[in-house]
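My notes follow in the order I made them.

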Amino acid sequence: MLQRRDFLKTSAAVTSALALPNIARAQASKLLRFVPQANLSSLDAVAGTQYVVRNAAFLVWDTLYGVDSALTPKPQMCEGHTVDAELKTWTFKLRAGLKFHDGEKVTTRDVVASLNRWMVRDTMGQIIKSRLDALEAIDDLTFRFRLNQPFSKMLFALGKNNAPVAFIMPERIAKTDPFKLISEYVGSGPMRFRQDLWVPGANAVFDRYADYSVRPEPGDWLSGGKRMHFDRIEWKIMPDAATAGAALQSGEVDWWENPIADLVPLLRKNKNIAVDIADPFGNIGSLRMNHLHPPFNDVRARKALLMALDQQDYMQAVVGDNPDLWKRLPSFFTPGTPVSTEEGADLLKGPRNYEAAKKLLSEAGLLGSKVTLVVATDIAITKAQGDVTADMLKRIGFEVDFVATDWGTLGARRAKKDPPSQGGWNIFHSWHAGADCVNPAPYTALDAGGDKAWFGWPKSDEVQQGILKWYAAPDLAAEKSAMAALNKASFDNVTYAPTGFFLLYQAWRNTLSGVVKAPFPVFWGVQKA
Amino acid sequence: MFAYIVRRVIATIPVVAIVALFIFSLLYFAPGDPAAIIAGDQATPADVERIRASLGLDRPFVVRFVEWSWQVMQGNLGVSIFTNLPVSKMIAQRIEPSLSLMLLTLTFAISVAVPLGVLAAWKHGTWIDRVVMMFAVFFFSVPVFVVGYLLAYTFALQLDWFPVQGYTPFSISDPLPWLRNLVLPAAALGGAFVALIARITRATMLEVLSQDYIRTARAKGVSQRPILFMHALKNAAVPIVTIIGIGFAGLIGGAVVTESVFAIPGVGRLVVDAILRRDYPIIQGVVLMLSFTYVLVNLCVDLLYTLFDPRIRY
Amino acid sequence: MSSTLLDPAVAAELPDVLPARKQRGRVAMFAYRHPSIFAGGLLVSLVVASALFAPWLGTADPTALAPAKRLRSPSEIYWFGTDMLGRDIYSRVLYGTRVSLQVGVMVALFASVIGMFIGLTSGFIRVLDTVVMRVMDGLMSIPGILLAIALMALTRGSVGNVIIAITITEIPRVARLVRGVVLSLREQPYVEAAVAAGTRVPKIIWKHILPNTLAPITVQATFICASAMITEATLSFIGAGTPPTIPSWGNIMAEGRALWQVKPFIVLFPAIFLSITVLSINLLGDGLRDALDPRMAKKI
């Protein structure tokens, strides 16, 4: 018996020695521990468009212009610009004294190389490129675009927040093939990326860049002074939401970018934790059909979906019971902006009508057709939408082939134009950040250019004309009418089916102050007590 | 002895080669596409195609396999598709947490299980034996993540004794944070091993106790405890060591889940993330390394036999 | 349960001393002699019954969504509560029994049959032995769960593919077991005699080898069945298992894992069912081993 008692005694002693109360935890107010929405596997927000990559890149690189919280572009690396009356010759001047993290000065050579790389990848950049006579450095701090057609949205293009972002990199890095990821992360932004401390999939470390040249204005999203109050920001990647929630409760992390809605009541109960909406522009859920293959090559089948789908089901499945977090969205565009519109969305309004949907389908001879629904089940938002869609499709008489897969496989499969029976697809789900859906410029999913359009390859000349009309619109009134016509054309074509508008939360320890709502985490201006 | 070791090490080559070919072809025919993930959700199909070409993912199977094998033979595991970092570096930075977790798990499992097994054998047929064995079967039957959540909830969130998650690198001057981070995951992962090792220990002890020489010793009036611990445990060491060798692969499997529940930056999480994102070079590198380690561990186990049981010779 | 659970070794020493017990009927006697088989068997039958009769046990459609009734706690209407899409967890758990049992039994069956075939081949055809066993070594050296995840990445999620993936990881163990038995039996005088007498190999296998391998394989199969059920749950938990439209225990737990703190019942009910099922199968396996081969019982 002695043996066992000894064993119990020692193990008890070990346990109590280990189980010190957590008073010894680091109180460093200069260290921010942040849980991002997803794993950070690269920092190239020009070659790739993942949100998490862009968010990290905002720390490391700076932009010529930057949008404020009203999405108005303000000068950032630039001192200012001049433009001729025709909006064809744009001349920009850099602020003096900007330096990259390797100590080199930022010159217009770097700017030209960076913009050349960005223009290949970005939708707005491609429009600029197509109208470009020359992009030239005049001296070390001055550069100029010479266009052969007017382009009114130049500043927005250079300062927009959605990827590909026009980040300014040293020339040697900017010369990387735009379709290849860069592997050296040197920028002129407020934080340096510590590549040596990077453990991809677990940990990413950013140190304050002492020589960062802060603008005097107050910081507002991507504009103004990006004042950094931390010496170090650590991104802790947590694949398990339950673990991230627990870590925030126990104070092991300071800020969680996207707590799942159902955990929020629990976090709210904790008086050390603050919870708020993350991004006021929210998100738009998407049910994307393949316009190339039956049944959804027939617009009647696409319209039948609009008649049957209940955005309330989708939104409750995605964000839960809290009615403040979602609303019905009879539109393709983010609600609540000056140009929002609900034109032409009649099919999405009113009570859901399975019978009418079935009738339309039987008229088209499509009742009982097979639908290959490909769902990325590793992402909560797409999985929840997929479950609701499977249920809805059955109700209106489709035969559903539910293909459960992960995001990586979905990414490959949705690019296939083959028929569903040969490895293609009929429907997949995604969602678009509301900030990308305020107008057609950053809105890849709205394009209906057929073969060149986003996955699903919708084709509608009306939609394409509407987009061009918006680009040409000289004032707000004209923009508004262009948007209304565009929304109607998109619903007539059913480019895709919006499944609703939803907001996501962010949560942080009360020791932090200065956390703002934005489509991306804004680290500058945040302080820790 | 030395010749034996050399022979065994050489024998690992075909095994590892088979594993390499198997994993490579498996991944080649898997439908996922890293290019699509890099490009991001909003990228156009044409962009995805360009990225795929720039990664060399559009080349035929044989070309890619031969190229990769050639590199591996030169000790180069390649570069991650996503991070552009060398695979060897990405594995190296993950080894310490995984190794720490496994060592602690094994230490925990052995130090709990062997006494329990001995106890059960000693009190053979009594309620103590039955309780211990029930406990063993029970821990065998609960998934590791359920144990993990229960432990985290009780000991980290409610009692606040241990951190909920994370890993602190080991340091000689202050190993306590390291240990505090690993206690819960090691306990969660160790449960099944406690069960396994306790069963083995009990069974072997029972067998040894029925041997003639023990009976003789007993008959001569040697008191019970010395018999148990001098003779029996020494003989029981062989099967215990065996089970550790066999259990190694299972330990890695369990570690995959444990590392993700407790957010430990180990090899298990690295490879699961890589599989889900189709980061081929990492998957190939890790699996190669793991199967090589497995083979080596079992070689060590075989060598340990000779240590514990001089009757075994090679 | 614990009252019937006597150590088999003790039970074996006792029967003749207690002749009166015979009067109590065969069931009690069987339970007394083989408490593990009895307890395990009883529990397994209960689980099987609940799988078979799921539609008549007060269940609703396990896949019917009702987002308006999401995350209800256990109550008279929803015995085990509802999940984040408003589906009835009681119904899902009960129907999930079917999936888990299907996976467990099928994997055990396929792994045993294929493993036996490979083991016999390799035990008898010495030319193939080295190659086959190296391949088996290779398979064994890849951690099973990783192999299964990789295999699942290769195919689309379906119960059939989960079964195939787990089977592949279990085959080497059976193959090695059978090969071991074959090699030791080949040395036996009566087998050597049969070989010398020119008996054909299939006949030797049928008459001498198979009967002797059946017992260890049966025992091994129960353990494979139990471990396959855990692997299935773990795969689904990681997100690489049965498609989420199918209510398997692993899927229910995976869906509830993030809400573990606020709605623990989502994870707990399937976890309890899984643990009890696996426990009872393990008990059954233990009991079978003791009953079929007392010598082997001492080994593991």
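I began with polar contacts between chain C and chain A, and the count is five residue pairs, both residues at pLDDT 80 or more. I keep in mind that this is a predicted model.

Next I looked up salt bridges between chain C and chain A and found four. I noted one pair by name: the side chains of Asp240(A) and Arg257(C) form a salt bridge, at 2.7 Å from N to O.

Chain C brings 19 residues and chain A brings 25. Chain C and chain A bury about 1,900 Å² between them, with 55% of it on carbon and sulfur atoms.

I moved to chain B, which is divided into domain 1 (2-73) and domain 2 (91-308). Their contact takes 21 residues from domain 1 and 15 residues from domain 2. These two domains of chain B bury about 1,700 Å² between them, 78% of it on carbon and sulfur atoms. Arg8(B), Val16(B) and Leu27(B) supply 30% of the area that domain 1 buries against domain 2, more than any other three residues.

I looked for salt bridges between domain 1 and domain 2 of chain B and the count is zero. For polar contacts between these domains I have one residue pair, both at pLDDT 80 or more.

Last, I checked which helices of chain B supply the domain 1 side of this contact. Helices H1 (2-29), H2 (34-39) and H4 (61-73) each supply at least two residues. The largest share, twelve residues, comes from H1(B). I sorted the residues of that side into 16 nonpolar, two polar and three charged.

Definitions and conventions:
Residues are numbered from 1 along each chain as its sequence is written. Chains are lettered from A and ligands numbered from 1 in the order in which they are written. This is a predicted model: local features need pLDDT of at least 70, side-chain atom pairs count only at pLDDT 80 or more; totals for chains, interfaces and linings use all residues. Side-chain values use heavy atoms; hydrogens and water are left out. Domain bounds come from an automatic or database domain assignment. Contact means heavy atoms within 4.5 Å. Buried area is the accessible area (1.4 Å probe) that two parts lose on being put together, summed over both. A polar contact is a pair of N or O atoms within 3.5 Å; within protein, one must be able to donate a hydrogen and the other to accept it, and residues adjacent in sequence count only if both atoms are side-chain atoms. Helices (H or I, at least four residues) and strands (E, at least two) are DSSP runs, numbered from the N terminus. Ala, Val, Leu, Ile, Met, Phe, Trp, Tyr, Cys and Pro count as nonpolar, Asp, Glu, Lys and Arg as charged, and the others, Gly among them, as polar.
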